[in-house]
Amino acid sequence: MRRTRRPTRRLAPRPALAERAPAADLPVFTGQPLLMRANVRAALDALEPHLPAAVSALREPRLKEVFELPALVMALDFSAARVPVATLSAGEIDRMLAEGAPWREAGRDRGRMTR
């Protein structure tokens, strides 16, 4: 019989950073994520030949965060494409959801037919 351990306190779920961030009066993102990714890649390419010297000069090199930058920029591009550019009221959001409801339902129905 296999024993399962109880989750420890450090494994307990924590609220995500996004959930703790204030949602009111957020600025609209107007950047160009793919251009940002190109700049990050160029910076990493320029850093790569000097990486051993840079790592040895740092006390606690945090390379994981640096190498995650391209993926974070791609996530920004993905999420920015799904957020309206203009600030919308609750009524406007409800209207947009109502307009898209038939398409969502049609997509669900089509998905059921292909299974």
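Predicted model: local features only at pLDDT ≥ 70, side-chain atom pairs only at ≥ 80, totals over all residues.
Q: How much of the accessible surface of the chain belongs to carbon and sulfur atoms?
A: The accessible surface totals about 10900 Å². The part that belongs to carbon and sulfur atoms is 60%.

Q: Which pattern does the chain follow along the sequence?
A: The chain has six helices. It has zero strands. Read along the sequence, the pattern is α-α-α-α-α-α.

Q: How far does helix H2 reach from its first C-alpha to its last?
A: H2 covers residues 33–47, which is 15 residues. At 1.5 Å a residue, the expected span is 21 Å. The model comes close to that, with a reach of 21 Å.

Q: Why do the buried residues of H2 line one face of the helix?
A: The buried residues are Pro33, Val40 and Leu44. An α-helix has 3.6 residues a turn, so residues three or four places apart point the same way. Seen down the axis of H2, the buried residues line one face because they fall within an arc of 35°.

Q: Which helices do the buried residues of H2 pack against?
A: Pro33, Val40 and Leu44 are the buried residues of H2. Their packing partners are helix H4 (63–67) and helix H5 (69–80).

Q: Which residues is Leu88 in contact with, leaving aside its neighbours within four places in sequence?
A: Leu88 is found in the loop between H5 and helix H6 (90–113). Its relative accessible area is 28%, so Leu88 is partly exposed. With those neighbours left aside, its contacts are Ile93 and Met96.

Notes: Residues numbered from 1 in each chain as written. Heavy atoms only, no water. Helix = DSSP H or I, 4+ residues; strand = E, 2+ residues; numbered from the N terminus. Expected span 1.5 Å × (residues − 1). Buried < 20%, exposed > 50% of the residue type's maximum accessible area, 1.4 Å probe, protein only. Arc of directions from axis to C-beta. Contact = heavy atoms within 4.5 Å. Areas by Shrake-Rupley, 256 points an atom, 1.4 Å probe, with all protein chains shown as cover.
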